Amino acid sequence: MTTAVAAAGVGTATRAGVEIRLENLRRRYGAVTALDGLTLTLAPGELVALLGPSGCGKTTALRLLAGLEEADGGRVVIGGHDVTGLPANKRDTGMVFQAYSLFPHMTAWENVAFGLQMRKIGAADRRRRAIETLELVGLGGFANRYAHQMSGGQQQRVALARALAIRPKVLLLDEPLSALDAKVRARLRDEIRRVQLEVGITTLFVTHDQEEALAIADRVGVMQSGRLEQLGPPTAIYARPATPFVAEFVGLTNRLSGIVRGGAVEVRGTRIPLVQPEVPDGPAVALIRPEAVTVTSSGDAATGPLVGSVIATAFLGATSRVTVDLGDVTVLTQLATSEAATYPAGTRVQLVLRPDPVLIAREATGATPA
Amino acid sequence: MSRNRRLKLQIFRVAVFLLLGAFFLVPIGAMFEFSTRGVTDTAPRTLNAWLTIAQTPDLVAAILASLGLAVLTSLGMLLLLVPTMIWVRLRLTYLTRAMEFLCLLPLTIPAIVLVAGLAPIYLWMNLNINDSILTLAFVYLILVLPYAYRALYTGLAAIDVKTLAEAARSLGANWSTVMLRVIVPNMSVAILNACLLSVAVVLGEFTIANLLNYVNLQVAIALLGRANATVSIAVAVASLLFAFILLVILSFAGRPRARVHLEDTGLPYPGAAGGGLR
């Protein structure tokens, strides 16, 4: 089906992605700075996910790119053209919103055809392209349904088709999966990625869900307080976070007290190298991933800074998350489920910290997993 | 719920329905009975009063004038309120309270005060521009503002105006297209409600027309009542019936489309074969 659709000209066959540049974008709402000089370049056909907590400025960035809001400063460049001053309807962007945004009085195909009509495309072409694009998202059989006759996931797929049908230069996805249940969300996430790759359109995806961002994007930008903290491939963001904020926001992190000395941190008798060797000596909190902590058996009588009791095991499928109480702090570890099964609750265990480079957070220790 | 309890509930509902029905229908029935009485107590029933309506030129003129006023007022209200309210909701949200205050203000101003203020304006207008009764549409527009505002507000609140407008904008629609092709069709029931309320207010208005010396339907009924009570009552019943018919039309026009649930229908949807595509 999809091959036929692509051949019919819905997707990449007819259009390659374009480069998108956000240059030093600034936006304030009264006293609140939503965007503080954001600079970001999306390569043609690339999918970049902006990830961050509520209020970090990710949606503002997307709305400035769409032209739904005006920037206080900076430039938006789409395909080499400065569109900063253009209104939303002249920017050639397709957008899928967080809220269900299908026009309730129109059927699915009429929704998809709306943008084409705005571009004064003839009725026959309009109908053909609308149906083709609905087929692209797997909803060819739903053309005559109204929004209230479709599930949330189907509505968002129609919204995706509607955004793609106009063959925009850039696709903007504003948390399109957040209103869906977990199973549909995962399925639609893969569907969006498939369609995006098939069409080859440059895409900016905004989400607060780290799993979503890491799973779908070519690159992930983690934002905080209107600034880009780190931009890179998902693996780099997870494995080599540039700042403590990124380390704590992306994935689970244990916060363990230690002493920085000579470019390494000593945590409970284990010396671990630092990501930032320039950190001055002194007390610090090391941010350690659960998978960097391994577990070995310990005799009942054994004591030590890394000896404790298993207090909970969370089954995650192939892996399980085991929580170990060291007395003054609880530590999360991630083990293969078969291995975790050998440590039921109450078992005394010895933890081993892998000497992977870690980040240091300077604030007072909370001594709990973040 | 037990069967006994369901039965009691059903009886209660029917009783309330009958009581309310009697509350509305008994006076109307009495009016109809009065309008069909013969000249004497023993004379047979007659529809003479009803037939006389069409043969009373002043009354026909007043009915036409009131209908004309109802249409003009409704159109004016729609042209004034619909785009303004949509724009305030989309772009000028900080004006929402001020607009609500302005629109509800006429409720607090007695008709006599309105007339005191408007009389000099109407006098000037009659002398220099036009003395048509249709000029009353200006003041009626003010009268219907509170009712129309509430009806339209409810309609706007029921849809996600901002998201729909932004979706349409991102698809290339200009602002007029956003309003006419996206927002207005989704508040059609509210618009119909606002029109019905406006028509009802205009058809029932007496004080202002009377004080400004215009003869609309209610003034004509009052004048006729002094000369021929049965015809006057027949006209009153007819205007009630007219309002009732409007209400019925509205309830059918505004009925939401039947919802079809996926689990009820199976896939694909029967109408999806493309036959309905335009």
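Predicted model: local features only at pLDDT ≥ 70, side-chain atom pairs only at ≥ 80, totals over all residues.
Residues are numbered from 1 along each chain as its sequence is written, while chains are lettered from A and ligands numbered from 1 in the order in which they are written.

Colleague: How many helices and strands does chain A have?
Modeller: Helices (H or I, at least four residues) and strands (E, at least two) are taken as DSSP runs, numbered from the N terminus. The C-alpha atoms of chain A fill a box of roughly 80 × 45 × 35 Å along the principal axes. Within chain A there are 10 helices and 20 strands.

Colleague: What percentage of the 370 residues in chain A is buried?
Modeller: A residue is called buried if 20 or more other C-beta atoms lie within 10 Å of its own, exposed if 12 or fewer, and partly exposed in between, with C-beta atoms placed from the backbone. For the 370 residues in chain A, the buried share is 45%.

Colleague: Is A:Glu175 buried, partly exposed or exposed?
Modeller: A:Glu175 sits in the loop between strand 7 (170-174) and helix 6 (182-199) of chain A, and its phi is near 45°, a positive value in a residue other than glycine. Most residues other than glycine have a negative phi. Because 19 other C-beta atoms lie within 10 Å, A:Glu175 counts as partly exposed.

Colleague: Where in helix 6 of chain B does a kink lie?
Modeller: The 22 residues of helix 6 (residues 136-157) of chain B should span 32 Å at 1.5 Å a residue, and the end C-alpha atoms are 31 Å apart, which agrees; the expected span is 1.5 Å times one less than the number of residues. A bend is the angle between axes fitted to the seven residues ending at a residue and the seven starting there. The kink of about 50° comes shortly before the proline B:Pro146, at B:Leu145.

Colleague: How is helix 6 of chain B oriented relative to helix 9 of chain B, roughly parallel or roughly antiparallel?
Modeller: Axes are lines fitted to C-alpha atoms, for helices over the stretch in contact, and angles run from 0 to 180 degrees between N-to-C directions; angles under 35 degrees count as roughly parallel, over 145 as roughly antiparallel, 65 to 115 as roughly perpendicular and the rest as oblique. Helix 6 of chain B and helix 9 (residues 188-204) of chain B pack at about 155°, with their axes 8 Å apart. The pair is therefore roughly antiparallel.

Colleague: And is helix 3 of chain B oblique or roughly perpendicular to helix 6 of chain B?
Modeller: Helix 3 (residues 57-90) of chain B packs against helix 6 of chain B at an angle of about 45°, with their axes 8 Å apart. The two helices are therefore oblique.

Colleague: Which residues does B:Leu224 contact, leaving aside its neighbours within four places in sequence?
Modeller: B:Leu224 belongs to helix 11 (residues 217-227) of chain B, and it is buried because 23 other C-beta atoms lie within 10 Å. Two residues are in contact if their C-beta atoms, placed from the backbone, lie within 7 Å. Beyond those neighbours, the contacts of B:Leu224 are B:Leu59, B:Val231, B:Ser232 and B:Val235.

Colleague: Is B:Asn213 buried or exposed?
Modeller: B:Asn213 lies in the loop between helix 10 (207-211) and helix 11 of chain B, and its phi, near 65°, is positive although the residue is other than glycine. With 12 other C-beta atoms within 10 Å, B:Asn213 is exposed.
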